[in-house]
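Me: I have a model open and would like to check a few labels against their cut-offs. Could you go through them with me?

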Amino acid sequence: SDPGIMEKLKIWGPTLWPCVLYGSCACLLHLGNKAFFSFWDFTGTFTFPLVQSVVVCSFMGLAATAGLWKLPPIDRSAVIQMLPLSLLGIANTVFGLLGLRHCSLPMYLVLRRMVTPMVLLCEYLCWGNKQSTAVVSSLGLLALGSIVAGASDMNLDIYGYGCTVLANILTVTYTMYMKELSSGKMGPKREVFEIMFYNSFFTVPALGVVSAVTGEFSQTLQYQHLHAVGFQASLLLASSMAIIYQLSAVWCTTKNSPLALSIAGNVKDIVASAGGFFFFGTSHSLLNCVGLVISFAGAYWYILLKARAAIPRADKLVSKPKQE
């Protein structure tokens with residue numbers, strides 16, 4: 001066997017499983033949330049992420065009690081830094097859930113892939129980061145496919161589209177703000193698990209207030225399936241999936257890079273889109289399918305370009321002479 005291939009497998013192998021876990025968790029999360037809202041006809045847009053945040057906080061508290069990590073202090077600097085991130089996260093989650101409820105799953109995932117070109121545009125405007133012509137072309141193809149698919153969507157829902165696009169804008173803002181926090185440019189440098197904990201911790205009271213003010217909390221208490229064991233088990237399972245998803249995303253990012261996270265996310269999209277057509281009986285036209293294919297082609301052209309740029313780094317590590 002080729003020793004070069006074996007050496008590359010040793011280099012790339014340990015980074016593969018975090019990508020597989022993240023892609024699997026993200027796919028199950030989207031399919032599971034869509035199934036939860038579709039089957040139970042649950043309208044708790046604020047209650048759902050509130051329960052998820054409570055479960056995440058409880059899990060991290062138990063992990064700290066078991067000595068797996070140390071809870072960070074809740075001080076003034078943490079509030080000033082993390083409260084805006086929590087509010088962005090709440091808005092992102094709420095509008096994302098609204099988009100997921102009102103859009104077909106394949107179209108929702110196509111629209112969500114628009115986050116990547118939006119991030120690159122913001123990085124260029126804010127930080128001056130430039131991309132090659134090929135990368136810009138691949139993202140342009142992705143955007144074109146999204147427009148074609150959306151224009152011919154037989155399940156067109158303007159409200160759902162608007163919520164999803166707004167969720168994309170919030171996702172970009174949330175991601176860039178988190179990047180500033182983790183780099184230490186906005187005060188004390190925050191580790192990934194600190195950000196996860198603070199985000200969930202500040203999210204709970206904020207969502208609680210919003211749920212009470214909007215009257216959703218009282219509506220949830222009157223929900224007809226509230227005391228059904230199946231509903232409670234489904235809600236707990238969906239919340240637990242959010243924990244695994246967040247941990248897998250952190251693991252994938254720390255073991256690899258945002259590129260690996262992007263690749264795993266795009267692989268997840270095609271599986272989840274196929275699942276949306278198969279499990280949820282989504283009606284679609286020929287032009288809608290063509291738009292989806294164009295969007296996937298743009299996404300995977302982008303992946304191929306980035307992967308080809310990353311491979312030479314592995315070749316350098318393989319060719320590096322060993323120290324005696």
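Me: Where is Asn168 found, and why is Asn168 called buried?

Reply: Asn168 is found in helix 7, a helix being a DSSP run of H or I with at least four residues, numbered from the N terminus. Its relative accessible area is 2%, and buried means under 20%, exposed over 50% and partly exposed in between, with a 1.4 Å probe and protein chains only. Asn168 is therefore buried. A word on the source: this is a predicted model, where local features need pLDDT of at least 70, side-chain atom pairs count only at pLDDT 80 or more, and totals for chains, interfaces and linings use all residues. Residues are numbered from 1 along each chain as its sequence is written, and side-chain values use heavy atoms, leaving out hydrogens and water.

Me: What makes the pair Leu111 and Asn168 a polar contact?

Reply: A polar atom of the Asn168 side chain lies 2.7 Å from the backbone oxygen of Leu111. The cut-off is N or O atoms within 3.5 Å; within protein, one must be able to donate a hydrogen and the other to accept it, and residues adjacent in sequence count only if both atoms are side-chain atoms. Asn168 also contacts (heavy atoms within 4.5 Å) Arg112, Met114, Val115 and Met118, among others, leaving aside neighbours within four places in sequence.

Me: How do you know that Leu87 is partly exposed?

Reply: Leu87, found in helix 3, has a relative accessible area of 46%.

How values were computed
Helices (H or I, at least four residues) and strands (E, at least two) are DSSP runs, numbered from the N terminus.
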